Amino acid sequence: MRIVTANELQDWLSQGELLEKDSHGPKVVRLPDGSLLKIFRSRRNPLLARLRPDARRFAERAERLQALGIATPDIRECAWIDRHAAVSACLYAPLAGLPLDKLFRDQRDEFDRRLPQLAAYILKLHRLGIYFRSLHLGNILLTPDGDFGLIDFLDLRFKGRPLGRMLVRRNFRHLQRYLERRKVQGFPWSELISHYEAASSASS
């Protein structure tokens, strides 16, 4: 991984469009060529984060998900922003699609029509042994081909076998907490679970 110069970083930040930030600074920036710059400020042990930076872990997850047939952003480069502080970054082509939280908010009828498909998609992830703590409506996109894809999956884990019942319940609980935190009203929760159980029974 190369080290981004201060001038190069300043050019990215000054010329790009800030999409997301936190108390530490920019997190996601859209660059003039349409690519995205995602900055990772690791909360892990600094030594471990320098040995295996978050940007590299993100890219590895993207590659593995794609190998499993899961659409993700196309990672172009991983680089260091500040190696001493374990701040790394990815440059990638964004995954085309509409976040499901926006679909739910703006096109509720279409969201409800897609609910059985969404349940089957979540079941597919679970059957592939994918445990995604941040599985929520903002991290799943409806892609132009009518399928779904994932973004912001650094905390995703590959379990190597289909998820057991306990992890499935825990994963749905993460989604439920997301809806509660966002104060999402009228989400068809029971319908989603029913569709998931029906898809699971049909594929058994």
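Reader: Take a salt bridge as a side-chain nitrogen of Lys or Arg within 4 Å of a carboxyl oxygen of Asp or Glu. Which residues are linked in a network of salt bridges?

Author: Arg-2, Glu-8 and Glu-77 are linked in that way. This is a predicted model, where local features need pLDDT of at least 70, side-chain atom pairs count only at pLDDT 80 or more, and totals for chains, interfaces and linings use all residues. Residues are numbered from 1 along each chain as its sequence is written, and side-chain values use heavy atoms, with hydrogens and water left out.

Reader: How far apart are the closest N and O atoms of Arg-2 and Glu-8? And those of Arg-2 and Glu-77?

Author: For Arg-2 and Glu-8 the closest N and O atoms are 2.9 Å apart. For Arg-2 and Glu-77 the figure is 2.3 Å. Arg-2 sits in strand β1 and Glu-77 in strand β5, so this pair ties together parts that are 75 residues apart in sequence. Strands here are DSSP runs of E with at least two residues, and helices are runs of H or I with at least four, numbered from the N terminus.

Reader: How many salt bridges does the count come to?

Author: The count comes to 14. One of the others joins Arg-108 and Asp-112, at 2.8 Å from N to O. Both residues lie in helix α5 (residues 108–127), four residues apart, which is about one turn of the helix. Arg-108 is partly exposed at 29%, and Asp-112 is partly exposed at 31%.

Reader: Now the sheet. What is the strand order?

Author: It is an open sheet of six strands, in the order β1-β5-β6-β4-β3-β2, with mixed pairing. Two strands pair if DSSP finds at least two bridges between them. β1 (2–3) and β2 (17–22) stand at the edges with a single partner strand each, so one side of each has no neighbour in the sheet.

Reader: How is β6 joined to β4?

Author: Six bridges join β4 (residues 36–41) to β6 (residues 87–93), and the two run antiparallel. Arg-41 has Val-87 as its bridge partner in β6, while Phe-40 stands opposite Ser-88.

Reader: And how many bridges join β5 to β6?

Author: Seven, and that pair is antiparallel too. Ile-75 stands opposite Tyr-92 there. β5 and β6 form a hairpin with four residues between them, and Ala-86 in the turn has a positive phi of about 60°.

Reader: How many residues of β6 are buried?

Author: Seven of its seven. Val-87, Ala-89, Leu-91 and Ala-93 are buried on one side, and Ser-88, Cys-90 and Tyr-92 on the other.

Reader: Which strands does helix α1 lie across?

Author: Helix α1 (residues 6–15) lies across β1, β2, β3 (25–30), β4, β5 (74–82) and β6, at about 70° to β3. Helix α3 (residues 54–67) also packs on the sheet, touching β4, β5 and β6, and its direction makes about 170° with that of β5. Contact means heavy atoms within 4.5 Å. Axes are lines fitted to C-alpha atoms, for helices over the stretch in contact, and angles between N-to-C directions run from 0 to 180 degrees.

Reader: Different topic. Which residues form a nonpolar patch on the surface?

Author: Leu-47, Leu-48 and Leu-51, with about 330 Å² of accessible area together. Leu-51 lies in helix α2 (residues 46–51) and is exposed at 65%. Nonpolar patch members (Val, Leu, Ile, Met, Phe, Trp, Tyr) have over 30% relative accessible area, no salt bridge, and side chains joined within 5 Å.

Reader: Last one: phi. What is the phi of Asp-152, and of Lys-183?

Author: Asp-152 has a positive phi of about 55° although it is not a glycine. Asp-152 is in the loop between β10 (148–150) and β11 (156–158), and is partly exposed at 34%. Lys-183 has a positive phi near 55°. Lys-183 is in the loop between α6 (165–181) and α7, and is exposed at 64%.

Terms used:
Buried means under 20% relative accessible area, exposed over 50%, partly exposed in between (1.4 Å probe, protein chains only). Patches are made of residues with over 30% relative accessible area and no salt bridge: like charges are joined within 9 Å, nonpolar side chains (Val, Leu, Ile, Met, Phe, Trp, Tyr) within 5 Å. Accessible areas come from the Shrake-Rupley method with a 1.4 Å probe; for residues, only the protein chains shown count as cover.
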